[in-house]
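Please keep the sequence and the structure in view while reading.

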Amino acid sequence: MAATLLSLRDVVVRYGDTIALQIAALDLHSGEILAIIGPNGSGKSTLLRVMGLLQRPSDGTVMFRGENAFDGNLLRLRRRCATVFQEPLLLNATVYENAVLGLKLRGLSNHEIARRLDPWLERLGIAHLRQRFARSLSGGEAQRTSLVRALVLEPEILLLDEPFAALDPTSREALLRDFQAILNDCKITAVFVTHDRNEAFGLAGRIAVLHHGRMAQIGAREDVFHRPESEIVADIVGIENRLPGVVEDCDGRYVIIRVNQIWLRVAGRLTPGIRVIVCLRPESLMISRDNFRASDYNRLTGTIKGVLAGLMHQRITLECNGLPLVALIERQPCVNLKLAEREMVTITFSSSAAHIIIAH
Amino acid sequence: MELIWHGVLKAAELVFGLDGEVWSITWRSLQISGCATFISLLIGMPLGIALALARFPGRATTVALINTGMGLPPVVVGLFISIFLWRSGPLGFLELIYTPAAMVIAQVIIAFPIVAGLTMASFQALDPKLALQLLGIGASKPQLLWLLVREAKLPLLAAVMAGFGGVISEVGASMMVGGNIRNQTRVLTTATVLETGKGNFEIAIALGLILLGLTFAINLLLTRIQQREQLRWPRLS
């Protein structure tokens with residue numbers, strides 16, 4: 001178990017009468033990468049500011065390596081962190097002057113600054129822009145400058161608030177690749193806020209889901225994305241098919257769940273009679289035209305309500321016995337099937353693809 | 001027309017002939033208004049920064065007062081300063097009426113709201129997230145303030161020059177509290193009024209031209225700074 005770098009206990013942030021953030025406990029371990037996801041206004045940025053020691057919580061404690069951050073020498077601890085925001089927020093100066101700003105603020109010598117800065121400028125591919133003025137940079141170049149400004153500080157915690165969200169897709173993907181390589185090579189402890197599920201899943205080891213300022217779930221990325229604990233989390237991580245049903249039978253390995261007049265067979269162990277929600281990722285649904293019956297379970301007949309073309313996937317909305325379903329089918333198979341609205345199709349899924357949430 | 005042409009020639013002779021009195025009046029104007037501008041900066045800049053960055057009760061009222069102060073009629077300022085500094089007034093014991101010090105006081109009252117208002121505007125034009133970002137890379141509170149001042153330096157320079165331009169060209173208050181006493185409180189504006197009244201148009205024009213030259217130089221500098229900050233607008237059709 002890695003050392004705990006930062007731990008939040010009973011942290012509350014209030015804006016007037018409204019509670020923006022309420023976190024009972026959150027620990028950040030040395031070397032881990034934590035993503036914070038959640039809808040707009042769920043308190044993600046507030047949490048990041050508290051973790052970056054930029055905002056004093058209204059209540060509760062924030063411990064940085066066992067030291068109470070907001071009671072002690074805040075500046076000294078804050079200087080062991082570095083925050084990057086969605087906008088590059090550069091000073092009206094050159095790339096070089098912006099990149100060295102944090103080092104200058106810490107009173108480092110010019111020699112030391114040059115020694116530390118050059119490798120990072122190279123690494124982020126902006127060494128040739130040293131003398132360029134910040135305002136003449138493209139969005140990607142500016143955000144790279146902002147990242148260098150933070151990385152060169154070699155912070156114990158790197159905090160990022162939607163760092164790639166404002167970039168165009170090409171520079172975003174390029175920067176994402178570079179950033180991922182840096183995270184892997186440098187064993188950086190990082191916390192980042194994102195709206196992008198792919199980004200969260202791709203970069204982070206652990207994911208925290210915020211909803212209305214509270215921690216809806218925190219855990220390993222596979223758990224959060226494939227085994228959400230609540231319907232809210234299932235929704236936030238993109239599980240669009242959530243079918244309410246009742247457990248009818250259980251043989252120890254599989255449960256039979258009735259959803260409307262459909263019977264589903266799902267891996268798991270549950271007592272018959274309890275109410276559940278069956279979660280199915282849109283990409284785990286398969287669509288076919290044949291009516292071959294291999295099994296009575298997990299085999300639905302439905303009508304196509306809509307086909308939305310996408311670059312990688314086609315998004316098919318369906319209706320099965322009054323149940324709305326969404327399926328994401330890879331583009332080519334979808335084109336081969338020539339799926340069109342109002343057609344009847346067979347929908348199948350594997351019994352291990354479904355995840356069950358106990359309904360409350 | 002001949003009067004003007006004649007006046008201009010005479011003015012040139014006075015200016016370039018280094019007429020003692022004209023130059024001493026100019027120098028006095030610069031001293032008094034320069035001193036007033038300096039004091040206005042000491043008061044107006046911290047006030048403007050505080051109004052832009054801090055949240056405190058009565059802030060809205062203070063901002064409204066400052067905005068009103070930016071357009072304060074100099075004669076009104078002159079009237080009130082005169083009342084206060086009058087021999088029998090509340091501050092009469094200071095014996096400041098009809099001294100350069102009185103003029104400086106009046107000009108500070110005129111200039112500091114201009115400086116405060118423009119300082120506030122230049123700070124409010126900064127991205128509020130910039131402050132958070134600077135803290136986020138380890139700036140202390142004093143470092144943060146210094147970096148923000150540096151970032152707003154061009155509009156701040158505009159505040160300085162607008163304050164100076166406001167007081168160097170002001171006549172009402174200087175006349176009322178200074179008294180336009182020769183070799184003591186006579187400045188470019190009050191001298192221009194006097195010489196015009198006496199019909200000495202050549203000297204009046206000379207003084208006017210010097211004043212015009214000064215304010216033009218200030219405004220030229222101000223405009224260049226503002227143009228440098230101007231973002232390029234697309235051609236609108």
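## Chain A

A residue is buried if 20 or more other C-beta atoms lie within 10 Å of its own, exposed if 12 or fewer, and partly exposed in between, with C-beta atoms placed from the backbone. Of the 360 residues of chain A, 40% count as buried. The C-alpha trace of chain A spans about 75 × 45 × 40 Å along its principal axes.

Helices (H or I, at least four residues) and strands (E, at least two) are DSSP runs, numbered from the N terminus. Chain A has eleven helices and 20 strands. Two residues are in contact if their C-beta atoms, placed from the backbone, lie within 7 Å. Among contacts in chain A between residues at least 6 apart in sequence, 65% join residues at least 24 apart.

## Basis and confidence

This is a predicted model, in which local features need pLDDT of at least 70, side-chain atom pairs count only at pLDDT 80 or more, and totals for chains, interfaces and linings use all residues. Residues are numbered from 1 along each chain as its sequence is written, and chains are lettered from A and ligands numbered from 1 in the order in which they are written.

The predictor gives the complex an ipTM of 0.86 and a pTM of 0.83. pLDDT is the predictor's confidence in each residue, from 0 to 100. For chain B the mean pLDDT is 88, and 96% of its residues reach 70 or more. Within chain B, helix H1 (residues 2-16) has the lowest confidence, at a mean of 78, and helix H5 (residues 100-124) the highest, at 94.

## Where chain A touches chain B

The contact involves 19 residues of chain A and 14 residues of chain B. On the chain A side, helix H2 (74-78), strand S6 (81-84), helix H4 (101-105) and helix H6 (139-151) each supply at least two residues. H4(A) gives the most to this side, with three residues.

By class, the side of chain A that touches chain B has ten nonpolar, four polar and five charged residues. Here Ala, Val, Leu, Ile, Met, Phe, Trp, Tyr, Cys and Pro count as nonpolar, Asp, Glu, Lys and Arg as charged, and the others, Gly among them, as polar.

## A helix pair in chain B

Helix H2 (residues 20-53) of chain B packs against helix H8 (residues 153-168) of chain B at an angle of about 135°, with their axes 9 Å apart. Axes are lines fitted to C-alpha atoms, for helices over the stretch in contact, and angles run from 0 to 180 degrees between N-to-C directions. H2(B) and H8(B) are therefore oblique to each other; angles under 35 degrees count as roughly parallel, over 145 as roughly antiparallel, 65 to 115 as roughly perpendicular and the rest as oblique.

Residues of H2(B) that meet H8(B) include Ser29(B), Ser33(B) and Leu41(B), and those on the H8(B) side include Val160(B), Gly163(B) and Phe164(B). The contact of H2(B) with H8(B) has six nonpolar, five polar and no charged residues.
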